[in-house]
Amino acid sequence: MALNLKLKFEETTHTYWLDGKTVPGVTSVLSGAGLIDLSHIRADVLLANGKFGTACHIACQFWDESKLNMEKLAPALLSYLESWRKFRNEYKVATFIAIEIGVVSNRWQYAGTLDRVAIINRKVTIIDIKSSDTINPVVGVQMGGYGLA
């Protein structure tokens with residue numbers, strides 16, 4: 001895992017910069033390679049799903065950092081948080097090395113944001129939190145891209 005302090009990320013445009021130069025994110029690389037095609041999904045649906053996914057990530061992050069106020073949690077997020085808690089319990093995730101951390105491949109000039117790096121069964125493990133009810137087959141390639149970075 002290469003942590004790079006010169007990596008900057010702009011959340012609203014989902015843009016990464018390395019040393020002042022724009023670099024693609026893992027998802028952009030996969031899209032450019034034809035492995036992800038979202039062209040058939042309306043822009044408003046993509047935007048709404050993206051916002052919901054971000055809210056799920058924030059809820060899980062606040063939970064993991066013991067900062068979540070359950071009284072302020074939107075009811076729509078409750079089942080997603082419960083799924084995350086169940087995953088953590090079933091896989092005995094107790095120690096996080098990193099939460100929502102930017103990584104970069106200096107060699108291949110791309111970046112990404114790891115959702116979690118944790119210790120599971122005494123092994124360093126990359127975890128990607130999903131807020132969809134299905135897992136796209138390209139997730140393995142996505143995780144490999146994060147691993148290389």
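Rings of Phe, Tyr and Trp (its six-membered ring) count as a pair if their centres lie within 6.5 Å, and by this rule the count comes to five aromatic pairs. The model is predicted, so that local features need pLDDT of at least 70 and side-chain atom pairs count only at pLDDT 80 or more, whereas totals for chains, interfaces and linings use all residues. Residues are numbered from 1 along each chain as its sequence is written, and side-chain values use heavy atoms, with hydrogens and water left out.

**Aromatic pairs**

- One of the pairs joins Phe52 and Tyr80, whose rings are edge-to-face (planes over 60 degrees apart; under 30 would be stacked, and the rest tilted), with 5.0 Å centre to centre and 75 degrees between the planes.
- Because Phe52 lies in helix H2 and Tyr80 in helix H3, this pair ties together parts that are 28 residues apart in sequence; helices (H or I, at least four residues) and strands (E, at least two) are DSSP runs, numbered from the N terminus.
- Another pair, Trp84 and Phe96, is stacked, at 6.5 Å centre to centre and 25 degrees between the planes, and it links helix H3 with strand S4, 12 residues apart.
- Both Trp84 and Phe96 are buried, where buried means under 20% relative accessible area, exposed over 50% and partly exposed in between (1.4 Å probe, protein chains only).
- Trp84, Phe87, Tyr91 and Phe96 form one aromatic cluster.

**Helix H4**

- Val139, Gln142, Met143, Gly145 and Tyr146 are the buried residues of H4.
- Seen down the axis of H4, these buried residues fall within an arc of 155 degrees, so they line one face of the helix; the arc is that of the directions from the helix axis to the C-beta atoms.
- Gly140 and Leu148, on the other side of H4, are exposed.
- The buried residues of H4 pack against H1, S4, S5 and strand S6 (123–127), with contact meaning heavy atoms within 4.5 Å.

**Pockets**

- A pocket is an open set of points on a 1 Å grid over the protein atoms alone, where a 1.4 Å probe fits, with protein on both sides within 12 Å along at least five of seven lines, and lining residues have an atom within 4 Å of a point.
- The largest pocket holds about 1800 Å³ of space, a volume being the space filled by probe spheres set on the points, which are joined across faces, edges and corners.
- Of the 48 residues that line the largest pocket, Thr27, Asn49, Gly50, Gly53 and Lys130 are the closest to its centre.
- Helix H2 gives the most to this lining, with 11 residues.
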